[in-house]
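Morning, everyone. Please look at the screen, and I'll walk you through a few points.

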Amino acid sequence: MDATRTAAIVLRHFYLLRGSVTRVVPLFVWVAIDIVLWGFITRYLNAVAKSSLDFVPMLLGAVLLWDFCSRVMHGVTTAFLEDVWSRNFLNLFATPLSLAEYLGGLVVSSIVTSALGLLVMLLLATGIFGLSFFVYGLLIIPFLLVLFLFGVALGILGSGMVLRLGPAAEWFVWPIPALVSPFVGVFYPLSTLPPWMQHLATLLPPSYVFEGMRRILAGGAAPPGMLALGAALSAAYVALACWFFARVHRHVVRTGLLARYSAESVS
Amino acid sequence: MKTVLSVVGLRREYGETVAVENIAFRVGAGEVVGLLGPNGAGKTTTISMILGVLAPSAGTIRIDGADIATERSRALARTNFAAVYAPLPGNLTVVQNLRIFGLLYGVQALPQRIDALLTQFDLQALRDVRCGVLSSGEQTRVGLAKALLNGPQVLLLDEPTASLDPATARDIRMKIRAYAAEGEGGVLWTSHNMYEIEGVCDRVLFLSRGRILLEGDPKTLPRKHGKATLEELFIAVAREPLTLGGS
(Lines give C-alpha, C1' and ligand atoms only; values in the text may rest on other atoms or scores of the structure.)
Protein backbone atom coordinates (compact mmCIF):
# COMPACT_ATOMS: atom_id res chain seq x y z
CA MET A 1 0.00 0.00 0.00
CA ASP A 2 1.38 3.38 -1.05
CA ALA A 3 0.49 6.24 1.34
CA THR A 4 1.19 8.83 -1.37
CA ARG A 5 -1.64 7.51 -3.53
CA THR A 6 -4.01 7.54 -0.54
CA ALA A 7 -2.87 11.13 0.12
CA ALA A 8 -3.73 12.01 -3.48
CA ILE A 9 -7.35 10.97 -2.89
CA VAL A 10 -7.47 13.03 0.32
CA LEU A 11 -5.85 16.00 -1.43
CA ARG A 12 -8.46 15.82 -4.20
CA HIS A 13 -11.20 16.06 -1.56
CA PHE A 14 -9.43 18.90 0.23
CA TYR A 15 -9.23 20.89 -3.03
CA LEU A 16 -12.93 20.34 -3.63
CA LEU A 17 -13.88 21.43 -0.11
CA ARG A 18 -11.58 24.43 -0.12
CA GLY A 19 -13.08 25.86 -3.24
CA SER A 20 -16.75 25.19 -2.52
CA VAL A 21 -19.12 26.72 0.01
CA THR A 22 -21.83 24.29 -1.13
CA ARG A 23 -19.65 21.39 -0.01
CA VAL A 24 -18.47 22.88 3.31
CA VAL A 25 -21.80 24.20 4.61
CA PRO A 26 -23.65 20.83 4.59
CA LEU A 27 -20.84 19.33 6.67
CA PHE A 28 -22.19 21.08 9.73
CA VAL A 29 -25.50 22.81 8.93
CA TRP A 30 -27.76 19.72 9.00
CA VAL A 31 -26.19 18.35 12.17
CA ALA A 32 -26.38 21.82 13.75
CA ILE A 33 -30.10 22.01 12.92
CA ASP A 34 -30.57 18.55 14.44
CA ILE A 35 -28.80 19.55 17.64
CA VAL A 36 -30.78 22.79 17.97
CA LEU A 37 -34.08 21.01 17.30
CA TRP A 38 -33.41 18.18 19.73
CA GLY A 39 -31.87 20.58 22.23
CA PHE A 40 -35.16 22.45 22.52
CA ILE A 41 -37.15 19.22 22.59
CA THR A 42 -35.06 17.94 25.50
CA ARG A 43 -35.44 21.26 27.32
CA TYR A 44 -39.18 21.03 26.90
CA LEU A 45 -39.26 17.40 28.06
CA ASN A 46 -37.15 18.29 31.12
CA ALA A 47 -39.63 21.05 31.94
CA VAL A 48 -42.83 18.99 31.62
CA ALA A 49 -41.65 15.56 32.80
CA LYS A 50 -42.21 14.89 36.46
CA SER A 51 -39.37 12.38 36.67
CA SER A 52 -35.77 12.91 37.66
CA LEU A 53 -34.63 11.87 34.20
CA ASP A 54 -32.32 14.30 32.45
CA PHE A 55 -33.24 14.18 28.76
CA VAL A 56 -30.23 16.21 27.65
CA PRO A 57 -27.60 13.45 27.84
CA MET A 58 -30.19 10.78 27.04
CA LEU A 59 -31.74 12.22 23.89
CA LEU A 60 -29.45 15.02 22.81
CA GLY A 61 -26.38 12.86 23.47
CA ALA A 62 -27.94 10.05 21.44
CA VAL A 63 -28.73 12.41 18.55
CA LEU A 64 -25.18 13.69 18.60
CA LEU A 65 -23.67 10.21 18.57
CA TRP A 66 -26.00 8.97 15.81
CA ASP A 67 -25.39 12.08 13.70
CA PHE A 68 -21.65 11.45 14.08
CA CYS A 69 -22.10 7.91 12.71
CA SER A 70 -24.22 9.25 9.82
CA ARG A 71 -21.65 11.96 9.04
CA VAL A 72 -18.88 9.36 8.86
CA MET A 73 -20.95 7.32 6.41
CA HIS A 74 -21.85 10.37 4.33
CA GLY A 75 -18.19 11.48 4.41
CA VAL A 76 -17.10 8.22 2.77
CA THR A 77 -19.92 8.12 0.21
CA THR A 78 -19.64 11.82 -0.69
CA ALA A 79 -15.91 11.48 -1.35
CA PHE A 80 -16.74 8.47 -3.56
CA LEU A 81 -19.62 10.25 -5.30
CA GLU A 82 -17.30 13.11 -6.26
CA ASP A 83 -15.70 10.63 -8.68
CA VAL A 84 -19.12 9.60 -9.96
CA TRP A 85 -20.27 13.19 -10.47
CA SER A 86 -17.05 14.19 -12.26
CA ARG A 87 -16.96 10.93 -14.32
CA ASN A 88 -13.48 10.27 -13.06
CA PHE A 89 -13.48 6.46 -12.81
CA LEU A 90 -11.59 5.81 -16.04
CA ASN A 91 -8.84 8.26 -15.13
CA LEU A 92 -8.64 6.98 -11.56
CA PHE A 93 -8.80 3.24 -12.05
CA ALA A 94 -6.35 3.37 -14.98
CA THR A 95 -3.66 4.55 -12.52
CA PRO A 96 -1.61 2.26 -10.22
CA LEU A 97 -4.05 3.12 -7.40
CA SER A 98 -5.16 -0.02 -5.53
CA LEU A 99 -8.62 -0.44 -4.03
CA ALA A 100 -7.16 -0.42 -0.50
CA GLU A 101 -5.44 2.91 -1.23
CA TYR A 102 -8.61 4.33 -2.75
CA LEU A 103 -10.87 3.26 0.11
CA GLY A 104 -8.22 4.44 2.59
CA GLY A 105 -8.36 7.87 0.95
CA LEU A 106 -12.15 7.97 1.22
CA VAL A 107 -11.99 7.04 4.92
CA VAL A 108 -9.32 9.64 5.75
CA SER A 109 -11.37 12.29 3.91
CA SER A 110 -14.35 11.24 5.99
CA ILE A 111 -12.37 11.53 9.25
CA VAL A 112 -11.68 15.18 8.45
CA THR A 113 -15.25 16.05 7.41
CA SER A 114 -16.97 14.12 10.22
CA ALA A 115 -14.59 15.61 12.81
CA LEU A 116 -15.70 19.05 11.68
CA GLY A 117 -19.35 18.05 12.08
CA LEU A 118 -18.65 16.55 15.52
CA LEU A 119 -16.88 19.71 16.64
CA VAL A 120 -19.82 21.92 15.64
CA MET A 121 -22.30 19.55 17.32
CA LEU A 122 -20.23 19.53 20.52
CA LEU A 123 -19.96 23.32 20.59
CA LEU A 124 -23.72 23.73 20.18
CA ALA A 125 -24.75 20.90 22.48
CA THR A 126 -22.43 21.91 25.32
CA GLY A 127 -22.54 25.67 24.80
CA ILE A 128 -26.29 26.12 24.42
CA PHE A 129 -27.89 23.04 25.98
CA GLY A 130 -25.35 22.07 28.62
CA LEU A 131 -24.59 18.57 27.36
CA SER A 132 -21.38 17.26 28.83
CA PHE A 133 -19.56 14.25 27.44
CA PHE A 134 -18.02 13.81 30.89
CA VAL A 135 -21.23 12.05 31.99
CA TYR A 136 -20.26 9.12 29.77
CA GLY A 137 -16.75 9.03 31.24
CA LEU A 138 -13.93 7.47 29.26
CA LEU A 139 -16.40 5.19 27.56
CA ILE A 140 -17.08 7.99 25.10
CA ILE A 141 -13.90 6.84 23.32
CA PRO A 142 -15.11 3.28 22.54
CA PHE A 143 -18.58 4.71 21.81
CA LEU A 144 -17.14 6.98 19.13
CA LEU A 145 -14.83 4.25 17.84
CA VAL A 146 -17.67 1.75 17.35
CA LEU A 147 -19.85 4.36 15.62
CA PHE A 148 -16.96 5.54 13.46
CA LEU A 149 -16.17 2.02 12.26
CA PHE A 150 -19.84 1.27 11.61
CA GLY A 151 -20.18 4.56 9.68
CA VAL A 152 -17.14 3.59 7.58
CA ALA A 153 -18.68 0.17 6.87
CA LEU A 154 -21.98 1.74 5.80
CA GLY A 155 -20.12 4.29 3.64
CA ILE A 156 -18.12 1.62 1.81
CA LEU A 157 -21.25 -0.52 1.40
CA GLY A 158 -23.13 2.47 -0.05
CA SER A 159 -20.25 3.27 -2.41
CA GLY A 160 -20.20 -0.34 -3.59
CA MET A 161 -23.95 -0.15 -4.27
CA VAL A 162 -23.50 2.97 -6.41
CA LEU A 163 -20.55 1.39 -8.24
CA ARG A 164 -22.65 -1.67 -9.00
CA LEU A 165 -25.99 -0.07 -9.82
CA GLY A 166 -24.91 3.19 -11.46
CA PRO A 167 -24.93 6.90 -10.60
CA ALA A 168 -28.68 7.13 -9.91
CA ALA A 169 -28.32 4.59 -7.09
CA GLU A 170 -27.03 7.33 -4.82
CA TRP A 171 -30.68 7.79 -3.80
CA PHE A 172 -30.52 4.34 -2.21
CA VAL A 173 -27.53 5.41 -0.18
CA TRP A 174 -28.59 8.62 1.53
CA PRO A 175 -31.43 7.07 3.58
CA ILE A 176 -29.36 4.13 4.91
CA PRO A 177 -28.77 5.72 8.38
CA ALA A 178 -32.50 6.51 8.72
CA LEU A 179 -33.26 2.93 7.73
CA VAL A 180 -30.90 1.53 10.37
CA SER A 181 -31.78 3.89 13.25
CA PRO A 182 -35.07 2.23 14.38
CA PHE A 183 -33.19 -1.06 14.87
CA VAL A 184 -30.31 0.29 16.97
CA GLY A 185 -32.38 2.02 19.69
CA VAL A 186 -31.03 5.53 19.32
CA PHE A 187 -33.90 7.02 21.34
CA TYR A 188 -35.35 4.06 23.23
CA PRO A 189 -34.19 0.87 24.95
CA LEU A 190 -34.05 -2.21 22.73
CA SER A 191 -36.61 -3.86 25.04
CA THR A 192 -39.17 -1.51 23.46
CA LEU A 193 -38.77 -3.32 20.13
CA PRO A 194 -40.61 -6.46 19.06
CA PRO A 195 -38.51 -9.64 19.36
CA TRP A 196 -37.60 -9.88 15.65
CA MET A 197 -36.25 -6.32 15.71
CA GLN A 198 -34.35 -7.07 18.92
CA HIS A 199 -32.69 -10.03 17.20
CA LEU A 200 -31.62 -7.80 14.35
CA ALA A 201 -30.40 -5.17 16.83
CA THR A 202 -27.93 -7.65 18.32
CA LEU A 203 -26.20 -7.75 14.91
CA LEU A 204 -25.87 -3.96 14.73
CA PRO A 205 -22.92 -2.46 16.65
CA PRO A 206 -24.56 0.93 17.45
CA SER A 207 -27.16 -0.96 19.57
CA TYR A 208 -24.41 -1.74 22.07
CA VAL A 209 -23.36 1.92 22.18
CA PHE A 210 -26.86 3.27 22.86
CA GLU A 211 -27.70 0.52 25.36
CA GLY A 212 -24.40 1.22 27.12
CA MET A 213 -25.08 4.95 27.12
CA ARG A 214 -28.49 4.46 28.75
CA ARG A 215 -27.03 2.13 31.39
CA ILE A 216 -24.46 4.75 32.36
CA LEU A 217 -27.11 7.46 32.58
CA ALA A 218 -29.24 5.17 34.75
CA GLY A 219 -26.34 5.03 37.19
CA GLY A 220 -24.97 1.66 36.11
CA ALA A 221 -21.98 0.71 33.99
CA ALA A 222 -21.71 -0.38 30.39
CA PRO A 223 -20.39 -3.96 30.41
CA PRO A 224 -16.97 -3.93 28.70
CA GLY A 225 -17.82 -7.22 26.98
CA MET A 226 -20.81 -5.57 25.30
CA LEU A 227 -18.71 -2.73 23.90
CA ALA A 228 -15.96 -5.14 22.86
CA LEU A 229 -18.57 -7.13 20.95
CA GLY A 230 -19.81 -3.91 19.32
CA ALA A 231 -16.25 -2.98 18.31
CA ALA A 232 -15.54 -6.47 16.98
CA LEU A 233 -18.77 -6.45 14.98
CA SER A 234 -17.97 -3.00 13.58
CA ALA A 235 -14.48 -4.11 12.53
CA ALA A 236 -16.00 -7.22 10.92
CA TYR A 237 -18.49 -5.07 9.01
CA VAL A 238 -15.67 -2.84 7.74
CA ALA A 239 -13.86 -5.94 6.47
CA LEU A 240 -17.10 -7.25 4.94
CA ALA A 241 -17.83 -3.89 3.27
CA CYS A 242 -14.30 -3.79 1.79
CA TRP A 243 -14.77 -7.34 0.50
CA PHE A 244 -18.14 -6.33 -1.03
CA PHE A 245 -16.59 -3.26 -2.71
CA ALA A 246 -13.70 -5.33 -4.09
CA ARG A 247 -16.15 -7.91 -5.42
CA VAL A 248 -18.28 -5.22 -7.06
CA HIS A 249 -15.16 -3.64 -8.58
CA ARG A 250 -14.09 -7.00 -9.98
CA HIS A 251 -17.60 -7.45 -11.39
CA VAL A 252 -17.73 -4.03 -13.09
CA VAL A 253 -14.28 -4.56 -14.61
CA ARG A 254 -15.27 -8.03 -15.86
CA THR A 255 -18.62 -7.02 -17.29
CA GLY A 256 -17.43 -3.73 -18.77
CA LEU A 257 -19.70 -1.62 -16.56
CA LEU A 258 -16.76 0.45 -15.35
CA ALA A 259 -15.68 1.37 -18.87
CA ARG A 260 -19.23 2.56 -19.73
CA TYR A 261 -20.30 3.57 -16.24
CA SER A 262 -22.45 6.55 -17.16
CA ALA A 263 -24.63 4.27 -19.30
CA GLU A 264 -26.02 2.81 -16.03
CA SER A 265 -26.34 -0.57 -17.73
CA VAL A 266 -26.90 -2.92 -14.81
CA SER A 267 -26.12 -6.45 -15.95
CA MET B 1 13.90 -2.69 -30.20
CA LYS B 2 12.69 -3.34 -26.66
CA THR B 3 9.02 -4.37 -26.45
CA VAL B 4 7.06 -2.08 -24.12
CA LEU B 5 3.59 -3.43 -24.88
CA SER B 6 2.82 -7.02 -25.71
CA VAL B 7 -0.71 -8.22 -26.44
CA VAL B 8 -1.27 -11.93 -27.01
CA GLY B 9 -4.49 -13.78 -27.83
CA LEU B 10 -6.67 -10.93 -26.59
CA ARG B 11 -10.39 -11.60 -26.74
CA ARG B 12 -13.40 -9.80 -25.32
CA GLU B 13 -17.01 -10.92 -25.47
CA TYR B 14 -20.18 -9.16 -24.40
CA GLY B 15 -22.64 -12.00 -24.16
CA GLU B 16 -22.98 -13.36 -27.70
CA THR B 17 -21.15 -10.41 -29.25
CA VAL B 18 -17.40 -10.70 -29.78
CA ALA B 19 -15.93 -7.19 -29.58
CA VAL B 20 -12.26 -8.24 -29.86
CA GLU B 21 -11.24 -11.63 -31.21
CA ASN B 22 -7.86 -13.15 -30.59
CA ILE B 23 -5.70 -10.15 -31.46
CA ALA B 24 -1.96 -10.02 -30.92
CA PHE B 25 0.49 -7.20 -31.45
CA ARG B 26 3.44 -5.49 -29.86
CA VAL B 27 4.68 -1.93 -29.54
CA GLY B 28 8.39 -1.26 -29.30
CA ALA B 29 10.16 1.53 -27.40
CA GLY B 30 10.39 4.61 -29.60
CA GLU B 31 7.66 3.34 -31.91
CA VAL B 32 4.33 5.01 -32.73
CA VAL B 33 1.73 2.43 -33.73
CA GLY B 34 -1.62 3.44 -35.19
CA LEU B 35 -4.69 1.42 -34.22
CA LEU B 36 -7.16 2.06 -37.00
CA GLY B 37 -10.62 0.89 -37.83
CA PRO B 38 -14.20 1.97 -38.32
CA ASN B 39 -16.48 2.81 -35.41
CA GLY B 40 -17.21 -0.30 -33.38
CA ALA B 41 -14.14 -2.15 -34.67
CA GLY B 42 -12.86 -2.75 -31.13
CA LYS B 43 -10.24 0.02 -30.74
CA THR B 44 -11.58 1.54 -27.53
CA THR B 45 -12.33 -1.93 -26.11
CA THR B 46 -8.70 -2.87 -26.75
CA ILE B 47 -7.46 0.33 -25.09
CA SER B 48 -9.77 -0.20 -22.11
CA MET B 49 -8.29 -3.67 -21.60
CA ILE B 50 -4.73 -2.33 -21.80
CA LEU B 51 -5.69 0.27 -19.18
CA GLY B 52 -7.04 -2.39 -16.83
CA VAL B 53 -10.57 -0.95 -16.68
CA LEU B 54 -12.00 -3.85 -18.68
CA ALA B 55 -11.07 -7.47 -18.09
CA PRO B 56 -10.29 -9.54 -21.20
CA SER B 57 -12.27 -12.74 -21.76
CA ALA B 58 -8.95 -14.33 -22.74
CA GLY B 59 -5.36 -13.37 -23.51
CA THR B 60 -2.52 -11.54 -21.82
CA ILE B 61 -1.31 -7.95 -21.79
CA ARG B 62 2.20 -7.13 -20.67
CA ILE B 63 3.38 -3.58 -20.13
CA ASP B 64 7.16 -3.35 -19.95
CA GLY B 65 7.14 -7.02 -18.94
CA ALA B 66 4.50 -6.65 -16.19
CA ASP B 67 1.32 -8.69 -16.68
CA ILE B 68 -1.64 -6.41 -16.06
CA ALA B 69 -3.70 -9.29 -14.66
CA THR B 70 -1.22 -10.20 -11.93
CA GLU B 71 0.95 -7.08 -11.49
CA ARG B 72 -1.68 -4.40 -12.02
CA SER B 73 -0.06 -1.52 -10.10
CA ARG B 74 3.40 -2.17 -11.56
CA ALA B 75 1.99 -2.36 -15.09
CA LEU B 76 -0.21 0.73 -14.78
CA ALA B 77 2.60 2.80 -13.25
CA ARG B 78 4.34 2.39 -16.63
CA THR B 79 1.42 3.48 -18.75
CA ASN B 80 -0.84 6.51 -19.21
CA PHE B 81 -3.51 7.67 -21.59
CA ALA B 82 -5.49 10.54 -23.03
CA ALA B 83 -8.94 10.18 -24.53
CA VAL B 84 -11.73 12.60 -25.37
CA TYR B 85 -14.21 10.45 -23.43
CA ALA B 86 -12.16 10.67 -20.22
CA PRO B 87 -11.73 14.37 -19.43
CA LEU B 88 -10.10 15.33 -16.15
CA PRO B 89 -12.47 16.46 -13.37
CA GLY B 90 -13.86 19.83 -14.40
CA ASN B 91 -14.22 21.04 -10.81
CA LEU B 92 -10.45 21.03 -10.22
CA THR B 93 -7.93 23.42 -11.71
CA VAL B 94 -5.32 22.36 -14.25
CA VAL B 95 -2.51 22.33 -11.71
CA GLN B 96 -4.62 20.56 -9.06
CA ASN B 97 -5.48 17.78 -11.51
CA LEU B 98 -1.86 17.39 -12.55
CA ARG B 99 -0.72 17.32 -8.91
CA ILE B 100 -3.25 14.64 -7.95
CA PHE B 101 -2.48 12.41 -10.93
CA GLY B 102 1.23 13.03 -10.44
CA LEU B 103 0.90 11.65 -6.90
CA LEU B 104 -1.16 8.70 -8.12
CA TYR B 105 1.52 7.83 -10.70
CA GLY B 106 4.33 8.36 -8.18
CA VAL B 107 6.06 11.07 -10.24
CA GLN B 108 9.39 12.22 -8.80
CA ALA B 109 10.14 15.98 -8.51
CA LEU B 110 6.47 16.62 -9.25
CA PRO B 111 6.37 20.47 -9.10
CA GLN B 112 9.17 20.73 -11.66
CA ARG B 113 7.57 18.08 -13.87
CA ILE B 114 4.23 19.91 -13.78
CA ASP B 115 5.89 23.22 -14.63
CA ALA B 116 7.72 21.66 -17.57
CA LEU B 117 4.50 20.13 -18.95
CA LEU B 118 2.52 23.35 -18.46
CA THR B 119 5.16 25.12 -20.52
CA GLN B 120 5.39 22.34 -23.10
CA PHE B 121 1.62 22.38 -23.72
CA ASP B 122 1.26 26.14 -23.45
CA LEU B 123 -0.88 25.90 -20.32
CA GLN B 124 0.96 28.24 -17.94
CA ALA B 125 -1.70 30.94 -18.25
CA LEU B 126 -4.42 28.37 -17.47
CA ARG B 127 -2.73 26.67 -14.52
CA ASP B 128 -5.25 27.95 -11.96
CA VAL B 129 -8.32 27.68 -14.19
CA ARG B 130 -10.84 24.92 -13.54
CA CYS B 131 -10.75 22.32 -16.29
CA GLY B 132 -14.52 22.45 -16.74
CA VAL B 133 -14.39 25.98 -18.15
CA LEU B 134 -11.60 25.29 -20.63
CA SER B 135 -12.32 24.97 -24.34
CA SER B 136 -12.30 21.42 -25.71
CA GLY B 137 -8.90 22.04 -27.29
CA GLU B 138 -7.47 23.29 -24.00
CA GLN B 139 -8.92 20.28 -22.18
CA THR B 140 -7.26 18.02 -24.73
CA ARG B 141 -3.90 19.68 -24.03
CA VAL B 142 -4.40 19.23 -20.27
CA GLY B 143 -5.26 15.59 -20.88
CA LEU B 144 -2.05 15.15 -22.88
CA ALA B 145 -0.02 16.86 -20.16
CA LYS B 146 -1.52 14.41 -17.65
CA ALA B 147 -0.76 11.51 -20.02
CA LEU B 148 2.93 12.44 -20.12
CA LEU B 149 3.28 13.14 -16.36
CA ASN B 150 4.97 9.85 -15.54
CA GLY B 151 6.96 9.54 -18.78
CA PRO B 152 5.05 6.33 -19.55
CA GLN B 153 6.62 3.34 -21.30
CA VAL B 154 3.25 2.87 -22.99
CA LEU B 155 1.30 5.95 -24.02
CA LEU B 156 -2.25 5.30 -25.22
CA LEU B 157 -3.86 8.09 -27.20
CA ASP B 158 -7.46 7.68 -28.30
CA GLU B 159 -8.11 10.33 -30.96
CA PRO B 160 -5.87 12.85 -29.20
CA THR B 161 -6.22 15.60 -31.80
CA ALA B 162 -9.96 15.23 -32.49
CA SER B 163 -10.92 18.58 -31.01
CA LEU B 164 -7.82 20.58 -31.91
CA ASP B 165 -7.39 23.20 -34.62
CA PRO B 166 -4.95 22.18 -37.41
CA ALA B 167 -2.07 24.28 -36.06
CA THR B 168 -2.38 22.96 -32.52
CA ALA B 169 -2.92 19.42 -33.81
CA ARG B 170 0.32 19.60 -35.79
CA ASP B 171 2.13 20.95 -32.75
CA ILE B 172 0.77 18.09 -30.62
CA ARG B 173 1.78 15.50 -33.24
CA MET B 174 5.31 16.85 -33.20
CA LYS B 175 5.44 16.70 -29.41
CA ILE B 176 4.24 13.10 -29.32
CA ARG B 177 6.68 12.16 -32.09
CA ALA B 178 9.46 13.82 -30.13
CA TYR B 179 8.42 11.87 -27.03
CA ALA B 180 8.62 8.60 -28.93
CA ALA B 181 11.94 9.63 -30.49
CA GLU B 182 13.47 9.85 -27.02
CA GLY B 183 13.30 6.06 -27.20
CA GLU B 184 11.98 5.26 -23.73
CA GLY B 185 8.30 4.83 -24.50
CA GLY B 186 6.07 3.54 -27.26
CA VAL B 187 2.78 5.06 -28.38
CA LEU B 188 -0.47 3.39 -29.42
CA TRP B 189 -2.50 5.97 -31.31
CA THR B 190 -6.05 5.80 -32.61
CA SER B 191 -7.35 8.35 -35.05
CA HIS B 192 -9.76 8.68 -37.97
CA ASN B 193 -7.48 11.25 -39.58
CA MET B 194 -5.46 9.21 -42.07
CA TYR B 195 -3.29 12.18 -43.02
CA GLU B 196 -2.27 12.37 -39.38
CA ILE B 197 -1.63 8.64 -39.14
CA GLU B 198 0.62 8.71 -42.23
CA GLY B 199 2.61 11.56 -40.74
CA VAL B 200 3.01 10.17 -37.23
CA CYS B 201 2.89 6.38 -37.18
CA ASP B 202 5.73 3.99 -37.89
CA ARG B 203 3.29 1.13 -38.24
CA VAL B 204 -0.47 0.69 -38.37
CA LEU B 205 -2.87 -2.08 -37.37
CA PHE B 206 -6.22 -2.16 -39.17
CA LEU B 207 -8.94 -3.51 -36.90
CA SER B 208 -12.30 -4.63 -38.23
CA ARG B 209 -15.02 -6.50 -36.36
CA GLY B 210 -12.60 -7.16 -33.52
CA ARG B 211 -9.84 -8.70 -35.66
CA ILE B 212 -6.57 -7.29 -36.96
CA LEU B 213 -6.98 -7.40 -40.74
CA LEU B 214 -3.84 -5.65 -41.91
CA GLU B 215 -0.58 -4.51 -40.44
CA GLY B 216 2.29 -2.54 -41.89
CA ASP B 217 3.94 0.75 -42.78
CA PRO B 218 1.23 3.40 -43.41
CA LYS B 219 3.23 4.76 -46.35
CA THR B 220 3.50 1.47 -48.24
CA LEU B 221 0.47 -0.49 -47.04
CA PRO B 222 -2.11 1.18 -49.35
CA ARG B 223 -0.16 0.27 -52.52
CA LYS B 224 0.25 -3.31 -51.36
CA HIS B 225 -3.53 -3.59 -51.32
CA GLY B 226 -4.16 -1.72 -54.54
CA LYS B 227 -5.21 1.55 -52.99
CA ALA B 228 -3.79 4.99 -53.63
CA THR B 229 -4.05 6.38 -50.11
CA LEU B 230 -4.43 5.24 -46.53
CA GLU B 231 -7.87 6.81 -46.47
CA GLU B 232 -8.97 4.66 -49.43
CA LEU B 233 -7.63 1.62 -47.67
CA PHE B 234 -9.49 2.62 -44.50
CA ILE B 235 -12.75 2.92 -46.42
CA ALA B 236 -12.17 -0.46 -48.03
CA VAL B 237 -11.53 -2.02 -44.61
CA ALA B 238 -14.72 -0.46 -43.29
CA ARG B 239 -16.86 -1.59 -46.27
CA GLU B 240 -15.29 -4.83 -47.47
CA PRO B 241 -13.28 -6.28 -44.60
CA LEU B 242 -13.65 -9.86 -45.88
CA THR B 243 -11.94 -9.21 -49.25
CA LEU B 244 -9.01 -7.48 -47.58
CA GLY B 245 -8.71 -10.02 -44.81
CA GLY B 246 -8.11 -12.70 -47.43
CA SER B 247 -5.42 -10.81 -49.33
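Start with strand S3 of chain B, residues 32-36: 5 of its 5 residues are buried, so the strand is mostly covered. Buried means 20 or more other C-beta atoms within 10 Å of the residue's own; 12 or fewer is exposed, in between is partly exposed, and the C-beta atoms are placed from the backbone. Strands here are DSSP runs of E, at least two residues; helices are runs of H or I, at least four; both are numbered from the N terminus.

A quick word on the source. This is a predicted model: local features need pLDDT of at least 70, side-chain atom pairs count only at pLDDT 80 or more, and totals for chains, interfaces and linings use all residues. Residues are numbered from 1 along each chain as its sequence is written, while chains are lettered from A and ligands numbered from 1 in the order written.

Back to the strand. B:Val32, B:Gly34 and B:Leu36 point one way, B:Val33 and B:Leu35 the other. In a regular strand, side chains alternate between the two faces of the sheet.

Now its partners. Strands pair if DSSP finds at least two bridges between them. S3(B) runs parallel to strand S8 of chain B, residues 186-190, with 3 bridges. There, B:Val33 stands opposite B:Leu188. S3(B) also pairs with strand S9 of chain B, residues 203-208, parallel again, over 4 bridges. Here B:Leu36 faces B:Phe206.

Last stop: B:Lys224, in helix H8 of chain B, residues 221-224. Is B:Lys224 buried or exposed? Exposed, because it has 12 C-beta neighbours inside 10 Å.
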